[in-house]
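Here are a few notes to read alongside the model on your screen.

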Amino acid sequence: MVRKWIDYKTEAWVQWCPGCGDFGILNAIYRALAELDIDPSKLVIVGGIGCSSRSVYYIKANAIHTIHGRAIPVASGVKLANPELTVVVTGGDGDLLGIGGGHFVALGRRNIDMTVVVYDNGVYGLTKGQAGPTLPVWLKTKALPHPNIQGSVNPLLLAFAAGYTFIARGYAFHLNQLKDLIKAAIQHRGAAVVDVLQPCPTYNDIMTNEWYEKRIYYLSEDSSWDPVVRSPQELKEKAPKILEKMMEFEDRIPLGIFYQNTYMETLEERLEKLMPGYLSSPPGRRPVTKPLAHPFELFKDKVVQV
Amino acid sequence: MTDVSLIIGGPQGGGIESAGQVVIRALVAKGFNVIGTREYHSNIMGAHSYFHLRFTDKPARALRLPVELVVALDAESALTHVWDVSGKGFFVYDADSKDQDAGRIASMELSLKKRLKETLGPKGGATVGNAVRLVEERGATPIGLPLKALLKKVSDETASPLAAIAKTINVMGLAAGLYLLGIEYNYIAKGIELQFGGRPKVLKPNLVAAKVAVDYVEANYGKQRALPDGPHKGRRRMLASGNDIVAMGKVVGGLTFQTFYPITPSSDEAFYVEENMYVDVNGSKASIVVLQAEDELAAVNMILGAAAAGARASTSTSGPGFSLMNEAISMAVMAEIPIVISLWMRAGPSTGIATRQGQQDLLHAIFAGHGDTPKIVVASGDHREAFYDAIKTLNWAEEFQTPVIHLLDKYLAATITVLDEWELDVSKLEIKRGKREEAPGNDYKRYEITEDGISPMAPLGKVPMLVSSLEHDEYGMVTEDPVDREEMVMKRLRKWRTIANSIPEEEKLVLHGDPDARVTLISFGSTKQAILSAMEDLAASGIDVNFLQFRILSPFPAETASKILERSEKIIGVEANFQDQLSFLLRAHTGIYVPYRVRKVNARPLYDSEVVHAVEKIVKEGAREVVVSSGA
């Protein structure tokens, strides 16, 4: 069966403000899922709290709406309990990089095979526009009483330092390009992050669609750009250029795949090495019907015969 | 009849842990029941720590002070335990440490130095020598071991350099002490073999050290009369700490996913699950994913995800970590996800005393989570209960799709006890997974309205479905509609009633002793065995008390508790906290006020001896509140 994007749309009313970048991201996700023909029964969307996290209600899947900042650990639990599922986290920059920043880092370290889509607009929309962790310092949006005095985090550099094996950046209203990035992220084996720049037309009156369009360009415009790293040696060679591109965020903002590591093993693969059979009988599917055995049989190191 | 207690103390990192393990094994070999716990500082090396044990023909229920033997491997131990040895006991110390003064011991607490100065000042100063004089005056027998000379002997006999065998000092001390108590060398050697058997290089010098120490005592203090063997010689028995036994319960009970973030005193539980994450059962392997999380927020949220995906999941923590888990517990109630949290209480508030005992998190457990979030809270009284509770909590979590808090504490965590095969019988135990739905239809409603408030639960990955921490309708779709809201709140209420009605009353509370006794002690958790042991002594001195042990604190067994307590003339609450947390709950649920209290707040275990003393003070002298303060 070949699915269409509409097959992933639920009947729920999408309650974002007109012009919100979230619409673009949601549409790109629908299309990526359709092109990959992912069975909604085997797809898990996990959201935190915030405007963007509501995506869980709009995508036909197994969806979990969690608590603020905790989408990544909940999603990690899902994936490790049943590795056959495709797991996608949707959340804002505040949710994933602010209150949930520690988990964002830990996912990179673990390299669990799942995708994190950061709806990155620099503001906390649902609570009326406070500064988010990616809002540049000294910017004064109309929602802020004073300019932002806290610096911003660079999601790509953070992801790279943490160990994500797929790092990309897209733009919310470039539907086709974004769809391809999300598709590549889902197809990637390992922890993938797609940082999606998006306007918040209601609260961020500086980083508008025009603001972004003036600055963004694609890495792939340079035909020699190759973000794929297949060995530690190749990583060493390519890292300086990758980092240079990740740091470019002023007059020019690059989009596309910055880094893809194809040799790093996933946590699931490490678990399978540690416990052969884990993947075929993972925690969510292992039959549990009766007590395993008498403790004297199982825990012989604690039994003393004298 | 044998009923003997002992303390063996020394610097942390100096082999106190393995000394305790050797002693327990020697005593089990000799046929006794044993209970032993380790008291230690939040420190890796140098601070004082000690093992406190009791061995007896009878069930070894609880620890007792004073003890019949103190083995002090260094000056700090000799000084610290000067008050702990009984008038008929032995006080084994390092003869070379006699001149050492408390004032010069860097690792000793300042106020202990002051107390020692007050006690020993009149004798000329807080030295080990004066401590020895004091215990001697009280009737105990001091035994000064010339440890340096004995070590030299071990070095000669094993042809090893001193530095290589210096660590055997702990075994020398325990061997001398056990021999004085009437434990023959062959049992001491057996204990050493059981502990170090796998490491021949360690085994040999330790056996020699034990022999050298025993020979020294015999040569200088005469041949000691051997104790009659205990009644359990030759039996297969298990030695397990509370941490171990909960881990065992979880593994046996079908746990498939466990997370943790390192925190005392819970880590060893997760550690033992991890050791057994891949066990062989009838030729095939059962695997458990055990994952160290980046913090307790992740630890609990990961099990929410895993459980939603069908895992039988738990995490373990202590008070500070549990504080971080509060929001996720609330989500578990709202999203109806089955999780078990083992909460190993320690002395708070805040970081408090991380390695010491407390029962201060009962109300925290009951009230954890915002927004009407009842949950099951179970408190285990001893190792056996903890084992079965570990299985039952997993069952209840899945049966009722709810968070379950398994309340334990540092004393249980660190206490090793001896268990017989029949005590851990799992043949009649069932694994319950509740209304687990493996084949949901296309119109599956995760939160279907049902009469008992429990909806069929399909694991993620079957059909599209919604699991939501927001208020939702039957499908899990977010809603703010007042009718939907009320319907869902009432569903959760019906579920809570189902939980309260489904768990049998006899699981919720246990009345120990004479139902007609006029005095009733009430308590929860690890005070159980100290109280039971104290009741035997109280009965012997003519005070008839019974003991109402609260096993399940939520849902609270209000009616049964009322009926039992109505018959009592005097209710005494026994708790290791200052808010009288159990009494508070009892009054909230039943209106019954508990006017008498025994309070233990010095962050040490409750000893049976002090329960006896406190109850006597209340019953005979009319005291209202007794603060019991034993323990070094």
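1. Let's start with strand 8 of chain B, which runs parallel to strand 11 (residues 289-292) of chain B and is joined to it by four bridges. Strands here are DSSP runs of E of at least two residues, and helices are runs of H or I of at least four, numbered from the N terminus. Opposite B:Phe257 you will find B:Val289 of strand 11.

2. A quick word on conventions: this is a predicted model, where local features need pLDDT of at least 70, side-chain atom pairs count only at pLDDT 80 or more, and totals for chains, interfaces and linings use all residues. Residues are numbered from 1 along each chain as its sequence is written, while chains are lettered from A and ligands numbered from 1 in the order in which they are written.

3. Strand 8 of chain B also has four bridges to strand 12 (residues 313-317) of chain B, again parallel. There, B:Ser316 is the bridge partner of B:Phe260. Two strands pair if DSSP finds at least two bridges between them.

4. Which way do the residues of strand 8 of chain B point? B:Phe257 and B:Thr259 go one way, B:Gln258 and B:Phe260 the other, and all are buried (20 or more other C-beta atoms within 10 Å of the residue's own, with C-beta atoms placed from the backbone).

5. Now look at where the chains meet: strand 12 of chain A and strand 7 (residues 236-241) of chain B run antiparallel, joined by three bridges. A:Gln305 stands opposite B:Arg236.

6. Finally, helix 6 (residues 155-162) of chain A has buried residues including A:Leu156 and A:Phe160. A:Gly163 follows this helix, with a positive phi near 110°.

Key
Buried ≥ 20, exposed ≤ 12 C-beta atoms within 10 Å, placed from the backbone.
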